[in-house]
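These notebook entries record what I looked up in one protein model. I went from a single side chain to its partners, then to the sheet and the surface.

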Amino acid sequence: MSDERPEKPLPELRASDADRDRVVERLRDAVAEGRLDMEEFEERLEAAYKSRTYAELEPLTADLPAATGTAAAAPAASGPAWPGRIGGTGSSALAVAVMSGFQRKGRWTVPARFDAVAFWGGGELDLREADFAQREVVINCVAIMGGIEITVPPGVDVDVRGFGFMGAFDQRDSPGPTEPGAPRVVVTGLAFWGGVEVKIKNPKRPLGGPSLRKEL
């Protein structure tokens with residue numbers, strides 16, 4: 001038919017939201033495959049959402065192989081399967097480090113509210129492989145002359161509300177767009193001569209999938 005859309009859009013044509021979303025999805029797959037690091041992903045992600053034409057979108061995936069039919073049919077294999085990771089009972093609701101340290105990582109369930117205290121000590125909360133008791137969880141941190149590090153995977157909605165007095169609540173990384181069905185993590189509390197830092201990192205391996213070649 002004469003009014004049929006060209007198989008390959010003309011570069012000067014305006015891109016739609018769906019076109020931008022397809023590019024973003026391919027970039028996410030590329031991170032999971034180890035083809036892009038987080039810095040490259042964030043740069044291209046920002047460029048994708050600012051793009052207005054196909055000519056601006058095409059270079060963002062020009063050096064990436066086309067997604068296979070299998071990958072396109074099952075994108076969840078490269079990232080968290082959120083519906084299956086929300087619900088249940090929290091593994092623990094409190095972690096305290098007094099001149100010592102604590103760590104929660106791997107498969108554990110984050111309760112609706114988790115209290116973390118570090119006094120002259122340090123703590124690590126890694127949520128990349130965790131389950132969540134409910135859609136929104138609150139992590140209340142008190143760091144006094146100590147530090148607490150919280151690591152979440154990309155796509156999670158992170159809200160940092162803590163107060164630093166001669167200390168800091170710091171979120172240096174951008175989680176990127178919130179993924180559908182992803183949990184919301186609210187970080188509150190107080191840092192006094194100490195610090196609470198939120199980091200965004202991909203899981204060492206996709207849950208239920210093969211290992212990534214490297215951790216980002």
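Is Arg 184 buried, partly exposed or exposed, and at what relative accessibility? I found that Arg 184 counts as partly exposed, at 24% relative accessibility. I note at the outset that the model is predicted.

**Entry 1. The partner of Arg 184**

I looked up the salt bridge between Arg 184 and Asp 159, in which the closest N and O atoms are 2.8 Å apart. The two residues belong to distant parts of the chain, 25 residues apart: Asp 159 is in strand S9 (residues 157–160) and Arg 184 in strand S12 (residues 184–192). Asp 159 counts as buried, because its relative accessibility is 18% and the cut-off for buried is under 20%. I then followed the shared partners and found one network of salt bridges, made up of Glu 136, Asp 157, Asp 159, Arg 161 and Arg 184.

**Entry 2. Other salt bridges**

I recorded a count of 13 salt bridges. In general terms, side chains of opposite charge can pair when their charged atoms come close.

I examined the bridge between Asp 131 and Arg 107, with an N to O distance of 3.3 Å. This pair also links distant parts of the chain, 24 residues apart, with Asp 131 in strand S6 (residues 131–132) and Arg 107 in the loop between strand S2 (101–104) and strand S3 (109–110). Asp 131 is buried, at a relative accessible area of 17%, whereas Arg 107 is exposed, at 52%.

I also checked Asp 115 and Arg 113, which form a salt bridge with the closest N and O atoms 3.1 Å apart. Asp 115 counts as partly exposed, at 23% relative accessibility. Arg 113 counts as partly exposed too, at 44%.

**Entry 3. The parallel sheet**

In which order do the five strands of the open sheet lie? I read the order as S2-S5-S8-S13-S11, with parallel pairing. S2 and strand S11 (168–171) each have a single partner strand, so one side of each has no neighbour in the sheet and both stand at the edges. From one strand to the next, the twist averages 10°.

Phe 102 stands opposite Gly 123 in S5.

**Entry 4. The nonpolar surface patch**

I turned to the surface and located a nonpolar patch whose residues together have about 1200 Å² of accessible area. Among its members are Leu 94, Met 99, Phe 119, Trp 120, Met 145, Leu 190 and Trp 193. Two elements give two or more residues to the patch, namely strand S1 (94–98) and strand S10 (163–165). S1 supplies the largest share, three residues. I confirmed that Phe 163, a patch member, has its place in strand S10.

**Entry 5. The whole protein**

I closed with the totals. The secondary structure comprises four helices and 13 strands. Of the 216 residues, 40% are buried. The accessible surface comes to about 11400 Å², and carbon and sulfur atoms account for 54% of that surface. Among contacts between residues at least 6 apart in sequence, 68% join residues at least 24 apart.

Methods. Residues are numbered from 1 along each chain as its sequence is written. This is a predicted model: local features need pLDDT of at least 70, side-chain atom pairs count only at pLDDT 80 or more; totals for chains, interfaces and linings use all residues. Side-chain values use heavy atoms; hydrogens and water are left out. Patches are made of residues with over 30% relative accessible area and no salt bridge: like charges are joined within 9 Å, nonpolar side chains (Val, Leu, Ile, Met, Phe, Trp, Tyr) within 5 Å. Accessible areas come from the Shrake-Rupley method with a 1.4 Å probe; for residues, only the protein chains shown count as cover. A salt bridge is a side-chain nitrogen of Lys or Arg within 4 Å of a carboxyl oxygen of Asp or Glu. Buried means under 20% relative accessible area, exposed over 50%, partly exposed in between (1.4 Å probe, protein chains only). Contact means heavy atoms within 4.5 Å. Two strands pair if DSSP finds at least two bridges between them. Axes are lines fitted to C-alpha atoms, for helices over the stretch in contact, and angles run from 0 to 180 degrees between N-to-C directions.
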